[in-house]
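Please keep the sequence and the model in view while reading.

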Amino acid sequence: MKKILLAISFLPAAIVAFAQEPAITFEETSHDFGTITEEGGNVTHEFKFTNTGDAPLMIVNASASCGCTRPTFPKKPVAPGKTDKIKVTYVPAGRPGEFVKTVTVKTNAKKQKTIKLKIKGAVVPKKEK
């Protein structure tokens with residue numbers, strides 16, 4: 001009987017432990033660089049997010065839709081209530097014209113395992129000499 005009572009007393013704590021999970025909320029999921037110049041160099045935008053859950057959030061991976069876009073993401077867990085960023089750099093050299101690129105972010109959040117971030121803009125070609 002004591003074992004049963006002991007097991008029942010730990011049940012609420014176990015349920016609470018399993019109920020905890022991370023959640024990610026971005027301030028924005030798209031950014032428009034507008035018109036940029038090819039010779040102006042790389043452009044970067046930081047997508048800020050908050051762990052709105054009650055367990056540590058991990059960014060498992062962030063991958064770009066092409067080699068001209070480079071994401072940088074935090075490698076350490078983000079504590080509940082804390083904010084961090086994913087930095088996305090676009091390389092306009094040799095890519096005149098309009099662009100729309102995506103970065104796929106994979107997390108350990110159960111409800112939002114995958115999030116798509118989008119950057120866009122237009123690259124003015126460099127002038128011929």
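## Strand β3 and its partners

Strands β1 and β3 run antiparallel and are joined by 3 bridges; two strands count as paired if DSSP finds at least two bridges between them. Strands (E, at least two residues) are DSSP runs, numbered from the N terminus. Threonine 25 stands opposite threonine 50 in β3. Strands β3 and β6 are also antiparallel, with 8 bridges between them, and here threonine 50 stands opposite threonine 83 in β6.

The model is predicted: local features need pLDDT of at least 70, side-chain atom pairs count only at pLDDT 80 or more, and totals for chains, interfaces and linings use all residues. Residues are numbered from 1 along each chain as its sequence is written, and side-chain values use heavy atoms, with hydrogens and water left out.

## Two faces of β3

The side chains of β3 alternate. Buried means under 20% relative accessible area, exposed over 50%, and partly exposed in between (1.4 Å probe, protein chains only).

Histidine 45 counts as buried because its relative accessible area is 13%. Its side chain makes polar contacts with the side chains of glutamate 28, at 2.5 Å, and histidine 31, at 3.3 Å. A polar contact is a pair of N or O atoms within 3.5 Å; within protein, one must be able to donate a hydrogen and the other to accept it, and residues adjacent in sequence count only if both atoms are side-chain atoms.

## The nonpolar core

The largest nonpolar core has 24 residues. Such a core is a set of buried Ala, Val, Leu, Ile, Met, Phe, Trp, Tyr and Cys residues joined through side-chain atoms within 4.5 Å. Among the residues with the most contacts inside this core are Phe26, Phe49 and Ile59. The largest share, 4 residues, comes from β8.

Leaving aside neighbours within four places in sequence, isoleucine 59 is in contact (heavy atoms within 4.5 Å) with residues including Ile24, Phe49, Phe73 and Val105.

## The disulfide

The structure holds 1 disulfide, defined as a pair of cysteine sulfur atoms within 2.5 Å. Cysteine 66 and cysteine 68 form this link, with their sulfur atoms 2.4 Å apart. The link is left-handed, with -50° about the S-S bond. Cysteine 66 is partly exposed, at 24% relative accessible area, while cysteine 68 is buried, at 2%.
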